[in-house]
Amino acid sequence: MTDQRTTVLGYPRIGPDRELKKAVEAYWAGRLDAAGLEQAGRELRERTWSELRDAGLSDIPSNTFSFYDQMLDTSVMVGAVPARFAELDGLDRYFAMARGAQGTAPLEMTKWFDTNYHYLVPEVGPQTRFRLTWDKPLAEYGQARELGIETRPVLVGPLTYLLLAKSADPAFAPLRLLDDLLDVYAELLERLATAGVTEVQLDEPALAADRSAEELKALARAYEHLGGLSHRPRLLVATYFGEIGAALPVLAATRVEAVGLDFVAGPGNLAAVASTPGMAAKSVVAGVVNGRNVWRTELPAALSTCAALLGLAGEVVISTSCSLMHVPLDVERETAVPEGLAFARQKVAEVVAIGRAMREGPGAVVPAVPVRAPVDGRMRARLEALGEGTARAAHAERAVIQRASLGLPPLPTTTIGSFPQTDAVRRARADLREGRTDRAGYEAAMRAEIDSVIALQEDIGLDVLVHGEPERNDMVQYFAEQLDGYAATEHGWVQSYGTRCVRPPILFGDVARPEPMTVGWAVYAQSRTGRPVKGMLTGPVTMLAWSFVREDQPLSETARQVALALRDEIRDLEAAGIRIIQVDEPALRELLPLRAAGHAAYLAWAVAAFRLATSGVSDSTQIHTHMCYSEFGEIIGAIGDLDADVTSVEAARSGMELLEDLRAAGYTRGIGPGVYDIHSPRVPETGEIERALRLAVRAVEPERLWVNPDCGLKTRGYAETEASLRNMVAAARKVRAL
Ligand code: GLN
Ligand code: ZN
């Protein structure tokens, strides 16, 4: 074996210091012109390609760059531009589709499979006419070629593109547009071949989820068509985020030359290759280095997977499990992170090392010295003794006790937790961080903010108050910073969507709570009012979903550790006189496995963790939870299983339909369907909210119904927040009076 090919499926594009964000935002602000923005893009791409070449990869991807999102790029490239953007063109149109323009709504945004990256949802319909209208993949390939770097352009695969697209008319399935779209892909592939491209990567992550027989037929049609073109590059169909399942024999029967398989999220892919006729004639691009997490690869294990594949496939190319855009760029820049981490640059080096070992033998990889995660024996012993927690009385019984002890009116009004984060609040946090103010000065500023938030809520007439979360930068990071077992990075930025980047905390060891995290603020807020103040925590699943989590034990076990820390916090809140405690789980649906076969096991541990966290209190303490979506889909049955007394959810944009869904799923507890949308500054009229509440009262007994906005208010301004909440309280009073 002489030539061992190595590659990655994609690479971070934001730049080491978020240069992409800075350039795009400068362009939006008018501080950078279009030429300047293009130049910034060219420099970022050049840097990436030369870095990957210098690291020793044999195969380098291109067209992994984007000014905003690769799905948006694809929509523009194939001419899937909704009519409302027809007046615009070029970058104006591109960014209007991403962010909206005066009076024009942007494309909808949603999560990219089970990652924390968000893409822009293509809008298609019977009127869509695909046409190749942007030569971005050719242009990027050309730029790299001028630098002397041969690349493999990466495209969103046609099947995944259409499966993620949505049509305004629910009767129109986007997949009906497949043949039209294939014509555009065929034209593009021919042009790429003419330009000298030898291989193209078509990303089909949709194949890691359950696919119907009809969808598999569409897959066959797509790749028979593209594979049958006489003048085209080699085709690599890249799947990732799980097992390829029934799609493998379909692809193996086409003329596609290479299939990318994720051996990290899809360990069963090895057996699938072994049992699929035709794979001996294909290249397998073996994703053995995890593109979704930040730990070093067990090189010997990865190497043995690749070695096993050698006997099964025509060729093995060493690769990452998915694009590296989901991990930060370089761990070498960090000064305070635990041992044993690998970010994108280090992962590329691992791919190269595995490639070398494939040529030179296993002696060429040095097994990493195992890094043992810090263990907290006391916490582990307590968890073992606790088992599932303690059973509280049945919800119906608790509801009676709570009604008597809280003395709230019917249709109680409340908010989801955060109040607007003013410049003054952000400045106070920054001043503390950068040493311009001491702890005492900071606490005084936060207390002043809490005073004014409490006074405002009393004046508005809300029934259950919150402290407003001024001390929280982010609902996960705030807790991660206070828990043992979590580390923060200085430069570990990951793209969340467009120019928005996040620095997920790293959960590397046993989690424990050295001291109370929220009690001081909650108690202070409660001391300023006679009305109940809700304690506010982030739930165990969300704490995991928005972090990089250790892999040396099952997620379920780590979730229990987080839950125990929260359980202690909740008991401390209760002991300090807080009678209502909300545990937010906006990410409960996000960690749901892509395939239905994994749903029950996931929901079992997710629900158990929530219950472990929340079952340590007396029956008179009311537990709330909050989720930011209105369509629960497969998790609807789990909402009642959480055993929270009250659940608040997003509902304003979708009417009150979910109340029916919840009833059908047997949900009988308190429910706060969001009565207005907090995602825009628009102030809802009292009449509008009243109508929503009347609808809700028809579906839910008034004693179960709560009145609240869709989500937290931290991204809003005070003017619209105050006006909206006043209207909300007025509407609740009107409906109560009926
Ligand atoms: N309590 C949080 C807030 O109000 C909830 C945020 C969320 O649901 N994403 O900001
Ligand atoms: Zn929310």
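**An open sheet and a buried proline**

I will start with the sheet. Seven strands, that is 7, form an open sheet in the order β1-β5-β7-β8-β9-β10-β11, with parallel pairing. Strands here are DSSP runs of E with at least two residues, and helices are runs of H or I with at least four, numbered from the N terminus. Two strands pair if DSSP finds at least two bridges between them. At the edges are β1 (60-62) and β11 (315-320), each pairing on one side only.

This is a predicted model, in which local features need pLDDT of at least 70 and side-chain atom pairs count only at pLDDT 80 or more, while totals for chains, interfaces and linings use all residues. Residues are numbered from 1 along each chain as its sequence is written, and chains are lettered from A and ligands numbered from 1 in the order in which they are written.

β10 (residues 283-289) and β11 pair in the parallel sense over 6 bridges. Within that pairing, Val284 has Val316 of β11 as its bridge partner.

Now the proline. Pro684 sits in the loop between β21 (670-673) and α24 (686-699). Is Pro684 buried or exposed? Pro684 counts as buried because it has 21 C-beta neighbours inside 10 Å. The cut-offs are 20 or more other C-beta atoms within 10 Å for buried, 12 or fewer for exposed, and partly exposed in between, with C-beta atoms placed from the backbone. Beyond four places in sequence, Pro684 is in contact (C-beta atoms, placed from the backbone, within 7 Å) with Tyr676, Ile689, Ser724 and Asn727.

Note on methods:
Contact = placed C-beta atoms within 7 Å.
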